[in-house]
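Here is a quick walk through one protein model and the molecule it holds. Have the viewer open and follow along.

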Amino acid sequence: MDCLFCRIIESEIPSKRVFEDETAVAFLDINPWQCGHTLVIPRRHVADALSDPTALTEIAPALRQVGTLLQDKLGASGFNLLSNVGADSGQEVFHLHVHVIPRYADNPGIAHMRGEITDDLETIHRRITG
Ligand code: 5GP
Ligand code: ZN
């Protein structure tokens, strides 16, 4: 099986990691919707959030840690948590991932979930991990 996110976990493909623990890895989305848009994925390969009974709960502590990090480092004041299930939902990578999309007071509301990004990924990564 050739899975992009399994390869990111193995560091065969580079990513900008912001957090990891024994069950999950979190890294910046390469095409962010908001500044600090992060993907949280389980270390074990699971196709999506509904195909396994426990995978989503296993990564819940990492989701919380990432939320705290984005609040502390970027000043996020809200989040959209999103996990696409199946091609018809728009899922493109078939390794479970939760999009942690930080939100800011200057551009609130679900209608603005896809916003404008001004900083490059390198700068955002430095702000979160530095
Ligand atoms: P999906 O549509 O499957 O829910 O989301 C897949 C996400 O993975 C997209 O937001 C896309 O930008 C992101 N993505 C795809 N390939 C890569 C990659 O190689 N590196 C990173 N960091 N993100 C990726
Ligand atoms: Zn995988």
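Strands, labelled E, are DSSP runs of at least two residues, numbered from the N terminus. With that in hand, Val-98 is a residue of strand E5. Keep in mind throughout that this is a predicted model. Is Val-98 buried or exposed? Buried means under 20% relative accessible area, so Val-98, at 4% relative accessibility, counts as buried. Leaving out residues up to four places away in sequence, Val-98 touches Thr-38, Leu-39, Val-40, Leu-56, Ile-59, Leu-63, Leu-81, Leu-82 and Ser-83. For a sense of distance, take Leu-121, which is 23 residues from Val-98 along the chain: the C-alpha atoms of the two are separated by 19 Å.

Next along is His-99, also in strand E5, which runs over residues 98–103. His-99 has 11% relative accessibility, so it counts as buried too. Its contacts, again without residues up to four places away in sequence, are Asp-29, His-37, Thr-38, Leu-39, Asn-80, Leu-81, Leu-82 and Asn-84. Which side chain makes a polar contact with the side chain of His-99? That is His-37, at 2.9 Å.

## Around ligand 1

Ligand 1 sits in the largest pocket. Two elements give two or more residues to the shell around ligand 1: helix H1 (4–9) and strand E2 (24–28). H1 supplies the largest share of that shell, with three residues.

Of the 16 residues around ligand 1, the ones that come nearest are Asp-29, Asn-84, Gly-90, Glu-92 and His-97.

A polar side-chain atom of Asp-29 lies 2.5 Å from an oxygen atom of ligand 1. His-97 also places a polar side-chain atom by an oxygen atom of the ligand, at 2.8 Å. With Ile-30 it's the backbone that takes part: one of its polar backbone atoms is 3.3 Å from a nitrogen atom of ligand 1. How much of the ligand does the protein cover? On its own, ligand 1 has 520 Å² of accessible area, and the protein covers 83% of that.

## Two loop residues worth a click

Asp-52 is found in the loop between strand E3 (38–42) and helix H2 (55–58). Where does its side chain go? It reaches the backbone nitrogen of Thr-54 at 3.0 Å, and the backbone nitrogen of Ala-55 at 2.9 Å. Setting aside neighbours within four places in sequence, Asp-52 is in contact with Arg-44 and Val-46. Leu-96 is 44 residues from Asp-52 along the chain, and their C-alpha atoms are separated by 9.6 Å.

The other one is Ser-11, in the loop between H1 and strand E1 (17–20). Ser-11 has a positive phi of about 60 degrees, although it is not a glycine. Is Ser-11 buried or exposed? Exposed means over 50% relative accessible area, so Ser-11, at 55% relative accessibility, counts as exposed.

Definitions and conventions:
Residues are numbered from 1 along each chain as its sequence is written. Chains are lettered from A and ligands numbered from 1 in the order in which they are written. This is a predicted model: local features need pLDDT of at least 70, side-chain atom pairs count only at pLDDT 80 or more; totals for chains, interfaces and linings use all residues. Side-chain values use heavy atoms; hydrogens and water are left out. Helices (H or I, at least four residues) and strands (E, at least two) are DSSP runs, numbered from the N terminus. Buried means under 20% relative accessible area, exposed over 50%, partly exposed in between (1.4 Å probe, protein chains only). A polar contact is a pair of N or O atoms within 3.5 Å; within protein, one must be able to donate a hydrogen and the other to accept it, and residues adjacent in sequence count only if both atoms are side-chain atoms. Contact means heavy atoms within 4.5 Å. A residue is near a molecule or strand if one of its heavy atoms lies within 4 Å of it. Accessible areas come from the Shrake-Rupley method with a 1.4 Å probe; for residues, only the protein chains shown count as cover. On a 1 Å grid over the protein atoms alone, a cavity is a set of points where a 1.4 Å probe fits but cannot get out, and a pocket is an open set with protein on both sides within 12 Å along at least five of seven lines; lining residues have an atom within 4 Å of a point. A molecule sits in a cavity or pocket if more than half of its atoms lie within 2 Å of its grid points.
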